[in-house]
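Me: I have a structure open and would like to go through parts of it. Can we start with one of the helices?

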Amino acid sequence: MANNDSAKMMDKIVSLAKRRGFVFQSSEIYGGLNGCWDYGPMGVEMLNNIKHEWWKSMTYRENIEGVDAAILMHPRVWEASGHVENFTDPMVDCKQCKARYRLDVLFDDLSLKKKKEILREMYPEQYAGQQKDEVIEEAFAKLIATDQQASALVPKIQCPNCGSKGSFTDARKFNLMFKTFVGPVEDVSAVVYLRPETAQGIFVEFLNVQTASRQKIPFGIAQIGKAFRNEINTKNFLFRTREFEQMEMEFFVKPGTDDQHFEYWRGERMQWYVDLGMKREKLQWHQHPKDKLAHYAKDAYDIEYLFPFGWGEIEGVHNRTDYDLSRHEQYSGKSMKYFDEETKEKYTPYVIETSSGASRSFMAFLIDAYHEEDAPTAEGTMETRTVLKLHPKLAPNKIAIFPLVNRDGMPELAKKIEAELRPHFRVFYDDSGAVGRRYRRQDEIGTPFCVTVDSQTLQDETVTVRDRDTMTQERVGASKLREYFAAKFI
Ligand code: GAP
(Lines give C-alpha, C1' and ligand atoms only; values in the text may rest on other atoms or scores of the structure.)
Protein backbone atom coordinates (compact mmCIF):
# COMPACT_ATOMS: atom_id res chain seq x y z
CA MET A 1 0.00 0.00 0.00
CA ALA A 2 1.37 3.45 -0.90
CA ASN A 3 2.30 5.59 2.12
CA ASN A 4 -0.63 7.95 1.65
CA ASP A 5 -3.19 5.16 1.31
CA SER A 6 -1.76 3.39 4.32
CA ALA A 7 -2.03 6.54 6.44
CA LYS A 8 -5.60 7.12 5.19
CA MET A 9 -6.56 3.56 6.03
CA MET A 10 -5.12 3.85 9.53
CA ASP A 11 -6.94 7.19 10.03
CA LYS A 12 -10.22 5.56 9.01
CA ILE A 13 -9.76 2.68 11.42
CA VAL A 14 -8.68 4.86 14.34
CA SER A 15 -11.63 7.16 13.67
CA LEU A 16 -14.14 4.29 13.47
CA ALA A 17 -12.62 2.80 16.63
CA LYS A 18 -13.28 6.05 18.48
CA ARG A 19 -16.66 6.90 16.97
CA ARG A 20 -18.15 3.46 17.58
CA GLY A 21 -16.65 2.87 21.03
CA PHE A 22 -13.86 0.40 20.33
CA VAL A 23 -10.78 2.35 21.43
CA PHE A 24 -10.24 5.81 22.94
CA GLN A 25 -7.04 7.63 23.68
CA SER A 26 -6.24 7.29 27.38
CA SER A 27 -6.97 10.43 29.47
CA GLU A 28 -8.05 12.25 26.32
CA ILE A 29 -9.54 15.24 28.17
CA TYR A 30 -6.03 15.97 29.52
CA GLY A 31 -4.44 15.74 26.10
CA GLY A 32 -3.91 11.97 26.23
CA LEU A 33 -1.07 9.84 27.57
CA ASN A 34 1.27 8.63 24.87
CA GLY A 35 1.28 4.88 24.31
CA CYS A 36 -1.82 4.19 26.43
CA TRP A 37 -5.32 3.43 25.14
CA ASP A 38 -8.73 2.70 26.68
CA TYR A 39 -11.12 0.10 25.31
CA GLY A 40 -14.71 1.33 25.00
CA PRO A 41 -17.95 -0.71 25.17
CA MET A 42 -17.43 -2.42 21.80
CA GLY A 43 -13.66 -2.75 22.24
CA VAL A 44 -13.79 -4.43 25.62
CA GLU A 45 -16.30 -6.99 24.32
CA MET A 46 -14.17 -7.77 21.29
CA LEU A 47 -10.95 -7.93 23.34
CA ASN A 48 -12.63 -10.22 25.86
CA ASN A 49 -13.83 -12.42 23.00
CA ILE A 50 -10.29 -12.70 21.62
CA LYS A 51 -8.92 -13.55 25.07
CA HIS A 52 -11.71 -16.04 25.68
CA GLU A 53 -11.06 -17.80 22.36
CA TRP A 54 -7.35 -17.98 23.15
CA TRP A 55 -8.01 -19.22 26.69
CA LYS A 56 -10.34 -21.92 25.36
CA SER A 57 -7.90 -22.98 22.66
CA MET A 58 -5.15 -23.37 25.27
CA THR A 59 -6.67 -24.53 28.54
CA TYR A 60 -9.51 -26.70 27.24
CA ARG A 61 -6.86 -29.37 26.75
CA GLU A 62 -5.79 -32.03 29.17
CA ASN A 63 -2.17 -30.89 29.30
CA ILE A 64 -2.39 -27.10 29.79
CA GLU A 65 -3.20 -25.33 33.05
CA GLY A 66 -3.91 -21.65 33.60
CA VAL A 67 -2.48 -19.13 36.09
CA ASP A 68 -2.95 -15.48 36.90
CA ALA A 69 0.26 -14.21 38.49
CA ALA A 70 0.85 -10.83 40.12
CA ILE A 71 2.07 -7.96 37.97
CA LEU A 72 4.60 -6.94 40.63
CA MET A 73 7.18 -9.62 41.28
CA HIS A 74 10.33 -9.94 43.36
CA PRO A 75 13.00 -7.77 41.67
CA ARG A 76 15.42 -10.72 41.53
CA VAL A 77 13.06 -12.30 38.98
CA TRP A 78 14.12 -9.69 36.45
CA GLU A 79 17.80 -10.12 37.22
CA ALA A 80 17.45 -13.87 36.70
CA SER A 81 15.45 -13.44 33.50
CA GLY A 82 18.11 -11.14 32.05
CA HIS A 83 15.73 -8.18 31.72
CA VAL A 84 17.71 -5.89 34.06
CA GLU A 85 20.80 -6.38 31.93
CA ASN A 86 19.45 -7.01 28.45
CA PHE A 87 15.99 -5.55 28.08
CA THR A 88 17.31 -2.35 26.62
CA ASP A 89 16.97 -0.33 23.45
CA PRO A 90 19.77 1.88 22.17
CA MET A 91 18.59 5.48 22.07
CA VAL A 92 19.91 8.88 21.14
CA ASP A 93 18.92 12.37 22.34
CA CYS A 94 18.95 15.53 20.26
CA LYS A 95 21.06 18.02 22.24
CA GLN A 96 19.26 20.88 20.53
CA CYS A 97 15.58 20.11 21.07
CA LYS A 98 15.86 17.24 23.62
CA ALA A 99 13.80 14.84 21.47
CA ARG A 100 14.66 11.18 22.18
CA TYR A 101 14.69 8.44 19.55
CA ARG A 102 15.26 4.74 19.44
CA LEU A 103 18.29 4.25 17.23
CA ASP A 104 16.58 2.15 14.55
CA VAL A 105 13.52 4.45 14.45
CA LEU A 106 15.75 7.39 13.60
CA PHE A 107 16.17 5.94 10.11
CA ASP A 108 12.49 5.09 9.59
CA ASP A 109 11.49 8.29 7.82
CA LEU A 110 14.77 8.95 6.03
CA SER A 111 14.10 9.84 2.39
CA LEU A 112 15.39 7.68 -0.44
CA LYS A 113 17.41 10.69 -1.60
CA LYS A 114 19.17 10.95 1.74
CA LYS A 115 19.83 7.21 1.82
CA LYS A 116 21.41 7.45 -1.66
CA GLU A 117 23.50 10.42 -0.53
CA ILE A 118 24.83 8.50 2.47
CA LEU A 119 25.59 5.39 0.42
CA ARG A 120 27.42 7.47 -2.23
CA GLU A 121 29.44 9.25 0.42
CA MET A 122 30.48 5.96 1.98
CA TYR A 123 30.92 3.85 -1.16
CA PRO A 124 31.43 6.37 -3.99
CA GLU A 125 32.39 3.79 -6.61
CA GLN A 126 29.63 1.30 -5.95
CA TYR A 127 26.74 3.80 -5.85
CA ALA A 128 27.90 6.47 -8.32
CA GLY A 129 25.48 5.70 -11.18
CA GLN A 130 21.70 5.23 -11.39
CA GLN A 131 20.41 2.58 -9.00
CA LYS A 132 16.99 1.02 -8.59
CA ASP A 133 15.11 2.18 -5.48
CA GLU A 134 14.94 -1.39 -4.12
CA VAL A 135 18.72 -1.71 -4.42
CA ILE A 136 19.21 1.45 -2.38
CA GLU A 137 16.67 0.40 0.25
CA GLU A 138 18.27 -3.02 0.61
CA ALA A 139 21.81 -1.67 0.77
CA PHE A 140 20.79 0.91 3.37
CA ALA A 141 18.98 -1.70 5.48
CA LYS A 142 22.21 -3.72 5.51
CA LEU A 143 24.17 -0.63 6.45
CA ILE A 144 22.13 -0.09 9.62
CA ALA A 145 21.67 -3.80 10.43
CA THR A 146 23.56 -3.68 13.71
CA ASP A 147 23.43 -1.09 16.49
CA GLN A 148 27.12 -0.47 16.05
CA GLN A 149 26.80 0.27 12.33
CA ALA A 150 23.69 2.37 12.85
CA SER A 151 25.43 4.42 15.58
CA ALA A 152 28.22 5.29 13.17
CA LEU A 153 25.67 6.90 10.82
CA VAL A 154 23.96 9.04 13.45
CA PRO A 155 26.17 12.15 12.88
CA LYS A 156 25.00 12.22 9.23
CA ILE A 157 21.31 12.40 10.17
CA GLN A 158 19.19 15.47 10.84
CA CYS A 159 16.94 15.49 13.89
CA PRO A 160 13.43 14.68 12.58
CA ASN A 161 12.00 17.11 15.16
CA CYS A 162 14.12 20.29 14.89
CA GLY A 163 16.19 19.61 11.75
CA SER A 164 19.60 20.07 13.44
CA LYS A 165 22.45 18.02 12.07
CA GLY A 166 25.20 16.48 14.18
CA SER A 167 23.22 17.29 17.34
CA PHE A 168 22.70 13.75 18.59
CA THR A 169 24.35 12.20 21.63
CA ASP A 170 26.07 8.83 21.26
CA ALA A 171 23.65 5.90 21.47
CA ARG A 172 23.01 4.78 25.06
CA LYS A 173 21.23 1.77 26.51
CA PHE A 174 17.76 2.53 27.87
CA ASN A 175 16.02 -0.12 29.98
CA LEU A 176 12.40 -0.53 28.97
CA MET A 177 11.07 -1.70 32.34
CA PHE A 178 8.91 0.66 34.37
CA LYS A 179 10.16 1.02 37.93
CA THR A 180 8.18 1.75 41.04
CA PHE A 181 8.61 1.26 44.80
CA VAL A 182 6.97 -1.05 47.30
CA GLY A 183 6.19 0.51 50.67
CA PRO A 184 6.63 4.09 51.79
CA VAL A 185 10.39 4.46 51.35
CA GLU A 186 11.54 5.24 47.84
CA ASP A 187 15.05 3.85 47.98
CA VAL A 188 16.98 1.28 45.96
CA SER A 189 15.96 -1.63 48.19
CA ALA A 190 12.27 -0.90 47.53
CA VAL A 191 12.48 -0.91 43.71
CA VAL A 192 10.15 -3.26 41.86
CA TYR A 193 9.24 -3.42 38.20
CA LEU A 194 5.96 -3.59 36.34
CA ARG A 195 6.34 -6.89 34.47
CA PRO A 196 7.45 -6.44 30.84
CA GLU A 197 6.15 -9.91 29.93
CA THR A 198 3.77 -12.33 31.63
CA ALA A 199 6.06 -15.31 31.00
CA GLN A 200 8.18 -14.97 34.16
CA GLY A 201 5.10 -15.35 36.37
CA ILE A 202 4.68 -18.75 34.73
CA PHE A 203 8.31 -19.82 35.14
CA VAL A 204 8.49 -19.04 38.85
CA GLU A 205 5.24 -20.99 39.43
CA PHE A 206 6.29 -23.95 37.28
CA LEU A 207 6.77 -26.45 40.11
CA ASN A 208 3.79 -25.21 42.18
CA VAL A 209 1.50 -25.70 39.20
CA GLN A 210 3.03 -29.05 38.31
CA THR A 211 2.67 -30.36 41.87
CA ALA A 212 -0.84 -28.97 42.40
CA SER A 213 -2.19 -30.25 39.08
CA ARG A 214 -0.14 -33.48 38.99
CA GLN A 215 0.73 -32.81 35.38
CA LYS A 216 3.47 -34.79 33.71
CA ILE A 217 5.87 -33.45 31.15
CA PRO A 218 5.08 -32.45 28.44
CA PHE A 219 2.57 -29.93 29.74
CA GLY A 220 1.94 -26.20 29.49
CA ILE A 221 0.92 -23.21 31.59
CA ALA A 222 -1.10 -20.37 30.07
CA GLN A 223 -1.62 -16.83 31.25
CA ILE A 224 -3.30 -13.68 30.00
CA GLY A 225 -2.38 -10.37 31.53
CA LYS A 226 -1.08 -6.86 31.32
CA ALA A 227 2.53 -6.13 30.49
CA PHE A 228 4.32 -2.79 30.53
CA ARG A 229 7.22 -1.47 28.51
CA ASN A 230 8.53 2.05 28.55
CA GLU A 231 8.83 2.10 24.76
CA ILE A 232 10.85 5.07 23.57
CA ASN A 233 8.79 5.49 20.45
CA THR A 234 5.21 4.33 20.60
CA LYS A 235 3.55 4.17 17.23
CA ASN A 236 0.83 2.92 14.93
CA PHE A 237 -2.19 3.01 17.24
CA LEU A 238 -2.21 -0.20 19.34
CA PHE A 239 0.87 -1.70 17.69
CA ARG A 240 3.55 -0.42 20.04
CA THR A 241 2.12 0.81 23.32
CA ARG A 242 3.47 1.19 26.84
CA GLU A 243 0.71 -0.81 28.49
CA PHE A 244 -0.68 -3.84 26.66
CA GLU A 245 -1.93 -7.34 27.18
CA GLN A 246 -0.22 -10.61 26.38
CA MET A 247 -1.56 -14.13 25.99
CA GLU A 248 1.38 -16.40 26.72
CA MET A 249 1.71 -20.14 27.02
CA GLU A 250 4.89 -21.89 28.15
CA PHE A 251 5.06 -25.57 27.21
CA PHE A 252 7.54 -27.61 29.28
CA VAL A 253 9.13 -30.51 27.42
CA LYS A 254 11.91 -33.02 27.77
CA PRO A 255 15.17 -31.74 26.23
CA GLY A 256 15.68 -33.44 22.89
CA THR A 257 11.96 -33.40 22.09
CA ASP A 258 11.86 -29.60 21.85
CA ASP A 259 12.14 -29.33 18.05
CA GLN A 260 9.10 -31.52 17.51
CA HIS A 261 6.98 -29.55 20.03
CA PHE A 262 8.19 -26.31 18.50
CA GLU A 263 6.87 -27.36 15.08
CA TYR A 264 3.57 -28.49 16.58
CA TRP A 265 2.97 -25.17 18.32
CA ARG A 266 3.92 -23.19 15.23
CA GLY A 267 1.19 -25.00 13.34
CA GLU A 268 -1.39 -24.55 16.10
CA ARG A 269 -0.78 -20.87 16.53
CA MET A 270 -0.97 -19.91 12.87
CA GLN A 271 -4.16 -21.92 12.51
CA TRP A 272 -5.74 -20.10 15.48
CA TYR A 273 -5.71 -16.77 13.61
CA VAL A 274 -6.98 -18.38 10.41
CA ASP A 275 -9.80 -20.19 12.24
CA LEU A 276 -10.90 -16.85 13.66
CA GLY A 277 -11.22 -15.45 10.17
CA MET A 278 -7.89 -13.72 9.55
CA LYS A 279 -6.91 -13.90 5.89
CA ARG A 280 -4.09 -16.41 5.47
CA GLU A 281 -2.48 -14.34 2.72
CA LYS A 282 -2.08 -11.49 5.21
CA LEU A 283 -0.15 -13.70 7.60
CA GLN A 284 3.43 -14.87 7.24
CA TRP A 285 6.26 -16.42 9.21
CA HIS A 286 9.45 -14.58 9.94
CA GLN A 287 12.29 -16.67 11.31
CA HIS A 288 14.76 -14.75 13.48
CA PRO A 289 18.23 -15.01 11.92
CA LYS A 290 20.62 -16.98 14.16
CA ASP A 291 22.73 -13.89 14.92
CA LYS A 292 19.65 -11.90 16.02
CA LEU A 293 18.13 -14.47 18.38
CA ALA A 294 17.20 -13.27 21.87
CA HIS A 295 19.72 -14.24 24.56
CA TYR A 296 17.51 -17.15 25.71
CA ALA A 297 16.37 -18.57 22.37
CA LYS A 298 17.47 -21.58 20.32
CA ASP A 299 14.98 -20.82 17.55
CA ALA A 300 12.28 -18.17 17.10
CA TYR A 301 9.59 -17.40 14.56
CA ASP A 302 7.23 -14.45 14.48
CA ILE A 303 3.74 -14.61 13.07
CA GLU A 304 3.47 -11.38 11.12
CA TYR A 305 0.35 -9.62 9.86
CA LEU A 306 0.31 -7.30 6.86
CA PHE A 307 -0.81 -4.04 8.51
CA PRO A 308 -1.47 -0.99 6.31
CA PHE A 309 2.01 0.25 7.32
CA GLY A 310 3.70 -3.08 6.47
CA TRP A 311 4.39 -6.48 8.00
CA GLY A 312 4.44 -6.47 11.79
CA GLU A 313 4.80 -9.16 14.45
CA ILE A 314 1.65 -10.20 16.30
CA GLU A 315 3.02 -13.30 18.00
CA GLY A 316 6.33 -14.95 18.73
CA VAL A 317 6.86 -18.71 18.94
CA HIS A 318 10.15 -19.33 20.72
CA ASN A 319 12.26 -22.25 21.81
CA ARG A 320 13.51 -20.77 25.11
CA THR A 321 15.56 -23.87 26.01
CA ASP A 322 16.10 -24.39 29.75
CA TYR A 323 17.36 -20.83 30.10
CA ASP A 324 14.60 -19.41 32.31
CA LEU A 325 14.24 -22.34 34.70
CA SER A 326 18.01 -22.71 35.05
CA ARG A 327 18.43 -19.02 35.76
CA HIS A 328 15.66 -19.02 38.38
CA GLU A 329 17.28 -22.05 39.97
CA GLN A 330 20.61 -20.24 40.03
CA TYR A 331 19.22 -16.93 41.37
CA SER A 332 16.73 -18.33 43.89
CA GLY A 333 18.82 -21.24 45.08
CA LYS A 334 15.71 -23.47 44.73
CA SER A 335 15.63 -26.47 42.43
CA MET A 336 13.48 -25.98 39.34
CA LYS A 337 14.07 -29.51 38.10
CA TYR A 338 11.37 -31.95 37.16
CA PHE A 339 11.42 -35.51 38.43
CA ASP A 340 10.06 -38.10 36.02
CA GLU A 341 8.41 -40.79 38.19
CA GLU A 342 8.46 -43.37 35.44
CA THR A 343 12.04 -43.09 34.21
CA LYS A 344 13.41 -41.78 37.55
CA GLU A 345 15.19 -39.04 35.61
CA LYS A 346 15.62 -35.54 36.99
CA TYR A 347 16.08 -32.73 34.50
CA THR A 348 15.42 -29.07 33.72
CA PRO A 349 12.73 -28.96 31.03
CA TYR A 350 13.04 -27.02 27.81
CA VAL A 351 10.32 -24.46 27.13
CA ILE A 352 8.39 -23.79 23.94
CA GLU A 353 6.72 -20.41 24.25
CA THR A 354 3.80 -19.02 22.29
CA SER A 355 3.54 -15.31 23.04
CA SER A 356 0.72 -13.37 21.45
CA GLY A 357 -0.15 -9.73 22.00
CA ALA A 358 -3.86 -9.49 22.83
CA SER A 359 -3.84 -5.78 21.97
CA ARG A 360 -1.85 -6.25 18.77
CA SER A 361 -4.01 -9.18 17.69
CA PHE A 362 -7.06 -7.03 18.43
CA MET A 363 -5.73 -4.41 16.05
CA ALA A 364 -4.92 -7.00 13.38
CA PHE A 365 -8.42 -8.55 13.67
CA LEU A 366 -9.98 -5.08 13.45
CA ILE A 367 -7.98 -4.12 10.35
CA ASP A 368 -8.54 -7.49 8.70
CA ALA A 369 -12.29 -7.19 9.23
CA TYR A 370 -12.54 -3.63 7.89
CA HIS A 371 -14.21 -3.44 4.47
CA GLU A 372 -15.69 -0.68 2.40
CA GLU A 373 -17.99 -1.90 -0.35
CA ASP A 374 -20.78 -0.76 -2.64
CA ALA A 375 -24.23 -1.61 -1.37
CA PRO A 376 -27.74 -0.70 -2.54
CA THR A 377 -29.87 1.69 -0.49
CA ALA A 378 -33.62 1.21 0.13
CA GLU A 379 -34.21 3.66 -2.76
CA GLY A 380 -32.19 1.46 -5.11
CA THR A 381 -29.18 3.77 -5.45
CA MET A 382 -25.68 2.66 -4.48
CA GLU A 383 -23.71 3.81 -1.45
CA THR A 384 -20.49 2.80 0.27
CA ARG A 385 -21.08 0.67 3.30
CA THR A 386 -18.42 0.23 5.94
CA VAL A 387 -18.57 -3.21 7.42
CA LEU A 388 -16.48 -5.07 9.97
CA LYS A 389 -16.54 -8.68 8.80
CA LEU A 390 -15.49 -9.97 12.20
CA HIS A 391 -15.73 -13.68 12.94
CA PRO A 392 -19.06 -14.09 14.81
CA LYS A 393 -17.13 -15.33 17.85
CA LEU A 394 -15.20 -12.05 18.02
CA ALA A 395 -18.04 -9.64 17.20
CA PRO A 396 -18.96 -7.43 20.19
CA ASN A 397 -22.72 -7.69 19.59
CA LYS A 398 -24.06 -10.92 18.18
CA ILE A 399 -27.61 -9.94 17.20
CA ALA A 400 -29.46 -6.66 16.66
CA ILE A 401 -33.25 -6.60 16.97
CA PHE A 402 -35.45 -4.05 15.20
CA PRO A 403 -39.16 -3.38 14.92
CA LEU A 404 -39.67 -2.24 11.31
CA VAL A 405 -41.91 0.59 12.53
CA ASN A 406 -42.82 1.82 15.99
CA ARG A 407 -46.48 0.86 15.82
CA ASP A 408 -48.93 -1.98 15.10
CA GLY A 409 -47.56 -4.06 17.98
CA MET A 410 -44.13 -4.50 16.33
CA PRO A 411 -42.09 -2.93 19.18
CA GLU A 412 -43.83 -5.21 21.70
CA LEU A 413 -42.98 -8.32 19.66
CA ALA A 414 -39.41 -7.16 19.11
CA LYS A 415 -39.00 -6.49 22.85
CA LYS A 416 -40.29 -9.98 23.58
CA ILE A 417 -37.68 -11.49 21.24
CA GLU A 418 -35.01 -9.32 22.86
CA ALA A 419 -35.98 -10.60 26.32
CA GLU A 420 -35.85 -14.20 25.12
CA LEU A 421 -32.43 -13.91 23.45
CA ARG A 422 -30.64 -11.59 25.89
CA PRO A 423 -29.78 -14.24 28.50
CA HIS A 424 -28.01 -16.27 25.81
CA PHE A 425 -26.42 -13.77 23.40
CA ARG A 426 -25.19 -10.21 23.50
CA VAL A 427 -28.09 -8.48 21.75
CA PHE A 428 -28.83 -4.87 20.91
CA TYR A 429 -32.27 -3.32 20.47
CA ASP A 430 -32.66 -0.41 18.06
CA ASP A 431 -35.87 1.30 17.00
CA SER A 432 -34.55 4.64 15.78
CA GLY A 433 -34.33 5.77 12.15
CA ALA A 434 -34.92 3.99 8.85
CA VAL A 435 -34.17 0.28 8.96
CA GLY A 436 -31.47 0.68 6.26
CA ARG A 437 -29.60 3.10 8.55
CA ARG A 438 -29.95 0.69 11.44
CA TYR A 439 -28.37 -2.07 9.33
CA ARG A 440 -25.46 0.21 8.42
CA ARG A 441 -24.87 1.12 12.08
CA GLN A 442 -24.63 -2.59 12.96
CA ASP A 443 -22.43 -3.32 9.91
CA GLU A 444 -19.94 -0.75 11.18
CA ILE A 445 -19.52 -2.57 14.49
CA GLY A 446 -19.57 -6.03 12.94
CA THR A 447 -22.89 -7.39 14.30
CA PRO A 448 -23.28 -10.66 12.36
CA PHE A 449 -27.10 -10.79 12.35
CA CYS A 450 -30.05 -8.38 12.43
CA VAL A 451 -33.55 -9.57 13.27
CA THR A 452 -36.45 -7.45 12.01
CA VAL A 453 -40.04 -7.72 13.14
CA ASP A 454 -42.32 -6.61 10.27
CA SER A 455 -45.97 -6.81 9.23
CA GLN A 456 -45.61 -10.46 8.22
CA THR A 457 -44.51 -11.27 11.79
CA LEU A 458 -47.95 -10.19 12.95
CA GLN A 459 -49.51 -12.79 10.67
CA ASP A 460 -47.21 -15.83 10.78
CA GLU A 461 -44.82 -15.14 13.69
CA THR A 462 -41.73 -15.24 11.47
CA VAL A 463 -39.04 -12.54 11.41
CA THR A 464 -36.33 -11.67 8.90
CA VAL A 465 -32.74 -12.54 9.81
CA ARG A 466 -30.27 -10.54 7.79
CA ASP A 467 -26.70 -11.76 7.34
CA ARG A 468 -24.09 -9.00 7.71
CA ASP A 469 -21.69 -10.24 5.02
CA THR A 470 -24.03 -11.38 2.27
CA MET A 471 -26.85 -8.94 3.21
CA THR A 472 -29.28 -11.74 2.32
CA GLN A 473 -32.36 -12.22 4.46
CA GLU A 474 -34.25 -15.33 5.44
CA ARG A 475 -37.46 -15.80 7.38
CA VAL A 476 -37.18 -17.72 10.61
CA GLY A 477 -39.90 -18.57 13.11
CA ALA A 478 -39.65 -16.23 16.09
CA SER A 479 -39.90 -19.17 18.48
CA LYS A 480 -36.96 -20.92 16.71
CA LEU A 481 -34.51 -18.00 16.99
CA ARG A 482 -32.65 -19.27 20.03
CA GLU A 483 -31.82 -22.62 18.40
CA TYR A 484 -31.09 -20.93 15.07
CA PHE A 485 -28.48 -18.61 16.63
CA ALA A 486 -27.06 -21.26 18.96
CA ALA A 487 -26.03 -23.18 15.84
CA LYS A 488 -24.44 -20.04 14.33
CA PHE A 489 -22.28 -19.22 17.35
CA ILE A 490 -20.86 -22.66 18.17
N1 GAP B 1 7.67 -13.55 26.49
C2 GAP B 1 8.17 -13.24 25.21
C3 GAP B 1 7.82 -11.90 24.77
O4 GAP B 1 7.33 -11.09 25.54
P5 GAP B 1 7.87 -10.33 22.69
O6 GAP B 1 8.13 -10.66 21.25
O7 GAP B 1 8.67 -9.24 23.30
O8 GAP B 1 8.08 -11.70 23.46
C9 GAP B 1 5.35 -10.92 22.50
O10 GAP B 1 6.34 -9.99 22.86
C11 GAP B 1 4.16 -10.23 21.88
O12 GAP B 1 3.70 -9.19 22.74
C13 GAP B 1 4.47 -9.53 20.56
O14 GAP B 1 4.35 -10.42 19.47
C15 GAP B 1 3.40 -8.47 20.51
O16 GAP B 1 2.19 -9.02 20.01
C17 GAP B 1 3.19 -8.11 21.97
N18 GAP B 1 3.92 -6.86 22.29
C19 GAP B 1 5.21 -6.74 22.63
N20 GAP B 1 5.53 -5.45 22.87
C21 GAP B 1 4.39 -4.74 22.66
C22 GAP B 1 4.05 -3.35 22.75
N23 GAP B 1 4.95 -2.43 23.12
N24 GAP B 1 2.79 -2.97 22.46
C25 GAP B 1 1.85 -3.90 22.11
N26 GAP B 1 2.12 -5.22 22.02
C27 GAP B 1 3.37 -5.64 22.29
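Predicted model: local features only at pLDDT ≥ 70, side-chain atom pairs only at ≥ 80, totals over all residues.

Me: Which residues of H9 are buried, then?

Reply: H9 runs over residues 206-213, and Phe206, Val209 and Gln210 are buried in it. These three span an arc of only 100 degrees around the axis, so they lie on the same side of H9.

Me: What covers the buried residues of H9?

Reply: The cover includes both strands and helices. Among them are strand E3 (64-66), helix H8 (199-204), strand E9 (219-228) and strand E10 (243-253). Helix H11 (323-332) and strand E14 (338-340) also take part.

Me: And what comes just after H9?

Reply: Arg214 does, with a positive phi of about 55 degrees. Further on, in the loop between H9 and E9, you find Pro218. A cis peptide bond joins Ile217 to Pro218, with omega at about 10 degrees.

Me: Is Phe237 buried or exposed?

Reply: Phe237 counts as buried, because its relative accessibility is 8% and the cut-off for buried is under 20%.

Me: Where is Asp408, and what is its phi?

Reply: Asp408 lies in the loop between strand E19 (399-403) and helix H13 (410-421). Asp408 is not a glycine, yet its phi is positive, at about 60 degrees.

Me: New topic. At what angle do H5 and H6 pack?

Reply: H5 (residues 112-122) and H6 (residues 133-143) pack at about 65 degrees, and their axes are 10 Å apart. Angles of 65 to 115 degrees count as roughly perpendicular, so that is the term for H5 and H6.

Me: What is the handedness of the crossing?

Reply: The crossing in which H5 passes H6 is left-handed.

Me: Which residues meet there?

Reply: From H5 come Leu112, Lys115, Lys116, Ile118, Leu119 and Met122. In H6 they meet Asp133, Ile136, Glu137, Ala139, Phe140 and Leu143.

Me: How many of them are nonpolar, polar or charged?

Reply: The contact of H5 with H6 has eight nonpolar residues and four charged ones, with no polar residues.

Methods:
Residues numbered from 1 in each chain as written. Heavy atoms only, no water. Axes fitted to C-alpha atoms, helices over the stretch in contact; angles between N-to-C directions. Helix = DSSP H or I, 4+ residues; strand = E, 2+ residues; numbered from the N terminus. Parallel < 35°, antiparallel > 145°, perpendicular 65-115°, else oblique. Left-handed = near helix turned anticlockwise from the far one by under 90°. Contact = heavy atoms within 4.5 Å. Nonpolar A, V, L, I, M, F, W, Y, C, P; charged D, E, K, R; others polar. Buried < 20%, exposed > 50% of the residue type's maximum accessible area, 1.4 Å probe, protein only. Arc of directions from axis to C-beta.
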